Structure formats: C-alpha cells, structure tokens
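Hi,

Here is the model I promised to pass on.

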Amino acid sequence: MNFPSREQVESIRRRYPPGTRIELLSMEDPYHPVPPGMKGTVVGVDDAGSIMMKWDNGRSLSLIPGEDSFRKIEPKSRKKNSHER
C-alpha cells in the first residue's frame, strides 16, 4: 500500500471536512463492506488519508480514496422565493 504524501492528505482533509455527507457507491472490503447507497458523515481524515466515517446504519468503517467509490452529497441550497432576487 502506498501512503499519500502530507500534501495529498491535507487536500483530502480540505475536500472532506468533518460533517461532510457522503454516499457510498462501492467498497472494496470483501469481509464487512458497507452496502452501496449507504450514506454517512465524515468524522475526520487520518494521517494515511483514510476518510473516517459514521455511517447512517451505525457502522464506522473508513473510506479509502482511490479504492472505494463514493460521492460527496452537496448541501441543498436555499431556494429563493419569487420575490427575492
């Protein structure tokens, strides 16, 4: 396993700060995978660049960028009323 550089880890931390919502597309864990479609919240990013997660089903398995497939759930923006510009 190749560990990411300090700069790469910092980039992951900026992209996925604690509180970021994630949807899992697939996980490369043959023994205890989190099911595809599961959503969760980022707890943090460790020094190896793994994204520590709290999944909505109670699991806490981390994501490994480059191995697991996932997407960031963008917060819904507030819709403007017709009278706002």
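To start you off: does R6 count as buried or exposed? R6 counts as exposed, because its relative accessibility is 70% (exposed means over 50% relative accessible area, buried under 20% and partly exposed in between, with a 1.4 Å probe and protein chains only). R6 lies in helix α1. Although R6 and D47 are 41 residues apart in sequence, their C-alpha atoms are 7.9 Å apart in space.

Some ground rules before the rest. This is a predicted model, in which local features need pLDDT of at least 70, side-chain atom pairs count only at pLDDT 80 or more, and totals for chains, interfaces and linings use all residues. Residues are numbered from 1 along each chain as its sequence is written, and side-chain values use heavy atoms, with hydrogens and water left out.

On confidence, the protein chain averages a pLDDT of 88, and 88% of the residues score at least 70 (pLDDT is the predictor's confidence in each residue, from 0 to 100). Where pLDDT is low, the predicted coordinates should not be read in detail.

Now the overall layout. The protein chain has one helix and four strands, and from the N terminus on they run α-β-β-β-β. Helices (H or I, at least four residues) and strands (E, at least two) are DSSP runs, numbered from the N terminus. Of the 85 residues in the protein chain, 27% are buried. The chain exposes about 6,200 Å², with carbon and sulfur atoms supplying 50% of it (areas by the Shrake-Rupley method with a 1.4 Å probe; for residues, only the protein chains shown count as cover).

The strands make an open sheet of four in the order β3-β2-β1-β4, with antiparallel pairing (two strands pair if DSSP finds at least two bridges between them). Its edge strands are β3 (51-55) and β4 (69-73), each pairing on one side only. From one strand to the next, the twist averages 45° (axes are lines fitted to C-alpha atoms, for helices over the stretch in contact, and angles run from 0 to 180 degrees between N-to-C directions).

Going through the pairs, β1 (residues 21-26) and β2 (residues 39-45) run antiparallel and are joined by three bridges. I22 has G40 of β2 as its bridge partner. Between β2 and β3, also antiparallel, there are five bridges. Here T41 partners K54 of β3, and V45 partners I51 of β3. The hairpin of β2 and β3 has five residues between the strands, and G49 takes a positive phi near 90° there.

One residue I'd look at in the viewer is E23, in strand β1. E23 counts as buried because its relative accessibility is 16%. What does the side chain of E23 make a polar contact with? The partner is the side chain of R71, at 2.8 Å (a polar contact is a pair of N or O atoms within 3.5 Å; within protein, one must be able to donate a hydrogen and the other to accept it, and residues adjacent in sequence count only if both atoms are side-chain atoms). E23 also stands opposite K39 in β2. Leaving aside neighbours within four places in sequence, E23 is in contact with G37, M38, K39, F70, R71 and I73 (contact means heavy atoms within 4.5 Å).

Cheers
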